[in-house]
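Good morning, and thank you for coming. I would ask you to look first at the sequence and the structure, which I shall then describe in parts.

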Amino acid sequence: MSRQLPMVAAINEALHVALASDPTVIVLGEDVAGGGGRQDQGIEEAWGGIMGATKGLIKAFGAERVRDTPISEMGFLGAAVGAALTGLRPVAELMFIDFIGVSLDPLLNQAAKLRYMFGGKAKVPLTVRTSTGAGLRSAAQHSQSLYNITTSIPGLKTVIPSNPADAKGLLLAAIRDDDPVVFCEPKSLMFKKGEVPEGDYMVPLGKAALAREGGDVSLVAFGAMVDVALAAAAALAEEGVSAEVLDLRSLQPLDEAAILATLAKTGKVVVVDEAPPRCGIASDVAALCVDAGFDSLNGPVRRVTAPHTPVPFSAVLEDAYRPTAARVAETVRGMLG
Amino acid sequence: MSATAVGMPKLGMTMTEGRVVAWPVPLGGRVEKDAVVLVIESEKAEIEIESPAAGHLRHVYVPADRTVPCGTLLAALTTTMDEAFDADAFRRDHDRPERTVVTPAPRADRAVASGAARQDGAASRAAPITPAARALARDLGIDVAVVAGTGPQGRVTREDVEAHAAARERLVPVGGGVSLEVLGQGSGEPVVLIPGFGSDGSAFALQVPALVAGHRVLAVNPRGAGLSDAPDEPVYTVATAARELLAAAGGPAHLVGASLGAAVAMEAALQGPERVRSLALITPFVSASPRLLAVLESWCRVATESSAETLAATLLPWLFSTDHLADDRARGRTLRGLAQMLARVAPSSLARHAAGLRVWSGTRASDLQRLRVPVLVVAGSEDLLTPDARDVADAIPDSQFLAIGDAGHAVALEQPETVNAALVRHLRGR
C-alpha cells in the first residue's frame, strides 16, 4: 500500500525517525515546539514550526530535545554549532533562507571551517532546515532562493528535494552526515502530496536522480523546478521531442557525473533554476557542461531562471518571475530549430 | 526622407502568421498612403493591406507565397528611390517576428546557403558548428567546411556530421585518386544515371521511382557535384568522365545520360562497348550549338558571381517549355528545386566541364555509326539547347527517336511520365 503524503508530513516523519533512532539528535529554532514551547503554559502544540514540520515532536521527545529559541538566528545557530561540536546532532530550523543574512557567521566561519581548522579532529554534524523559493505570495524578503550562497561555501553541504519521498530520505541522510548540511525545503512543494515509503531510509547526498528518460535534450532541475521541467517534457513529448529530466537533489556535493552523462546522451542541456541567473546554480551547471563536457555539446547550454531582480509581491509579477514549463519548452524549441 | 516598414500585421488575437499572396506594386513602384500595397492570406481569407505611408516600394524581404509570423518585416518603403537605404540594417531594426514558425521554405534556403558555403571553402564559412559536431568530425577525419548545417542559423550539428559520414561511404574511387559519389538503390541489372552539365543525381529524382523496380539504379555525381571530388585541373574531358563513369558503374550496365551526361554515355559506349548494355540519350548532342555554348558561358559566370537562386532564375527560361514557364506555381516550385540542386555543384568545377564539352564537341559525329547497342534518343520539342538530337538518333544504327511535346531541355523533369514509360520500355528491350 503506497502512502500519499505532503512534503511537510514527510519531513515531520523524518524528524520523528531521527529523534527516535539517535538520542543525540535535537531540534531547535523559532516556534519549532510551540508558541513559547512551554509545557507548563499548555501551549506546546500551538505551532510546530511555521509550516507545521515539527508538529508533535515536543510531545514525543520532550522539551529538552525540542527547543524553542528566541528570535535570534545568530544566537540559535551559534548554539547549534556548539552543540554539534560537543557531541549532539542538532537540527536547527532557519525559518526562511532569507534570514541567512543575520546568521551567516556561525555557518560561514564556524560550521564550515572547524573540521579543517582542527585537522579533522572536530566535526560539526549540524543540519539547518530552511525554506526556499517563491510561489506563496511572500514577497521580496521571504521568497528568495539563496541556496547558491550556501553551495558556494566550502565545508557546507546543500541539498534540496523535489518530492516528499526524497525529502524524507535526504533529511535523514543530512542529519546522520558528520558535516554541516543545509536542507532546503521548497515552500511551493510543502503541501504537494507524493508517495512516501514507510520507516527509516536514506537518500544519499551527492546523487542526482533521473526523473524522466529522454534522448533529444536534457533538462537539469532541482527543487520546485523539477515539476516545471517534467511538465515541459510532457508538452514537448506531444511534439515528438524526447526530453530527459535530471533532478540534482544535492547542490553540494554536485553529481557532476550524472550531469555529464545526460549531456553526453543528448548533447543539449537546459538548466532550470528559480533563482536569479548571476552566480547561480544554473550558471554553475552550465559552466561544468562547457568545461568538462565540451565535446559532447551539440548546441548551446541554455539557462531558464528568474530575472536579476528581487521577488515581486504582485501575484501577477511573481508568476511571471518564476520559470514556467512554457518557458522551458520554448527554450528547447529554440535549440532544436 | 525616411523609410517605412511594412510588416506582417496581426489582425486578430488568434492570428500568428500570414501568407504573402501578392505585391500589387512592382518593386520600385510608387504607392500612395492607404492604397493597397500588399495582399496577404490569413485563416483562409485574402486581405488587402493598405500602405502606411506614401513612397516607393524600395525593398521586398518576403516574396509572394511565403508564410511568415506576424511582425515579420515584409518590405520597406522609401520616400524617394535615390535616397540612401541599407536593407540589412533596416531589417535588424524592424524585423520583429512574433515567434519562430518553422516552415519548409527557410529550411530550403538554409540548405542552399550552406551549399554555397561549401564552395567557398573553410576560410569563409559563416555557419557555426557545435562542439560535438566538431569533435565527431575530428574523430572521423571529416573537414567540417564541407558539411552542410541544418541546425538553428545553419549550425552544423552532430547529426549533420553523421549524415555526412554516411554519405561519404557512397564515395567510389574511380582511379587517379578521384572518388565520385554514387547514390544507389534497388536491385537487379544496373542502370547508371549520368546528369548533365552543372547538375547532380537529383536531376533524375523523378525517374528513379520508375526505374528502381527490377534494377539497381546508380546515380553518379560527376566531379564537383555533391560529394564527388573536384580536382583542380583546367579541363575535365568527356573521355575522362566516361572512363570514371565506367569505373564507378563497376560492371556492364545500361547507361542513361542527359545532355552532357548523354555525351559521356556515348563516349563510354565507344570506349568500352563490352561494358555498356544499352544507351538512353536524353537531349543529346554531338556538336554543341552556339546557343548551348553561350548559355554555358553565362551559367559559369552567374554561378561564380551570384547565388544559386539567381543562377536558377537565369537558367529557367533556357531549360523549360513555354507551358511550364506560364504556370506560376510550377515555375516557383521548379525554381526552388533547381536552386537547391545547383547549390550542390561547386561553381569552380563548371568551367572545367565546359572546357571538356567544347573539346569533345564535333569529335564523335562519324563514330556514332559504330555503336552496336540499342539506343533510345529522347528530345524535347521546345528544346533550345540541343537541336541536333534528331541527327544523333539518325547516325546510330539501332536507335529509336522520341520527341516529347511541351518539353524543353529539362524534358525528364517536365514530362517524367512520358520519359519514364519510354525508359522502361527501352530497358525491357522494347
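This is a predicted model: local features need pLDDT of at least 70, side-chain atom pairs count only at pLDDT 80 or more; totals for chains, interfaces and linings use all residues.

I begin in chain B, where β1(B) and strand β8 (residues 73–78) pair in the antiparallel sense over five bridges. Strands here are DSSP runs of E with at least two residues, helices are runs of H or I with at least four residues, and both are numbered from the N terminus. Two strands count as paired if DSSP finds at least two bridges between them. Within this pair, B:G7 stands opposite B:L73 in β8(B).

Residues are numbered from 1 along each chain as its sequence is written, while chains are lettered from A and ligands numbered from 1 in the order in which they are written.

Strand β4 (residues 36–42) of chain B runs antiparallel to β5(B), and six bridges join them. Here B:V39 stands opposite B:E48 in β5(B).

How confident is the predictor in chain B? The average pLDDT, the predictor's confidence in each residue on a scale from 0 to 100, is 87 for chain B, and 93% of the residues score at least 70. Over residues 100–125 of chain B, however, the pLDDT is below 50. For the model, the scores are ipTM 0.71 and pTM 0.61.

Let us turn to the contact between the chains, which takes ten residues from chain B and nine residues from chain A. Two residues are in contact if their C-beta atoms, placed from the backbone, lie within 7 Å. On the side of chain B that touches chain A, the largest share, four residues, comes from helix α3 (residues 131–140) of chain B.

The axes of helix α8 (residues 225–237) and helix α12 (residues 325–336) of chain A come within 8 Å and cross at roughly 55°. Axes are lines fitted to C-alpha atoms, for helices over the stretch in contact, and angles run from 0 to 180 degrees between N-to-C directions. Which residues of α8(A) and α12(A) make the contact? From α8(A) they are A:V228, A:A229, A:A231, A:A232, A:A235 and A:L236, and from α12(A) they are A:A325, A:V328, A:A329 and A:V332.

Finally, two backbone details of chain A. The peptide bond from A:Q252 to A:P253 is cis, with omega near 0°, and A:P253 lies in the loop between β12 (250–252) and α9 (256–266) of chain A. A:R249 is not a glycine, yet it has a positive phi of about 65°. A:R249 lies in the loop between β11 (243–247) and β12 of chain A.
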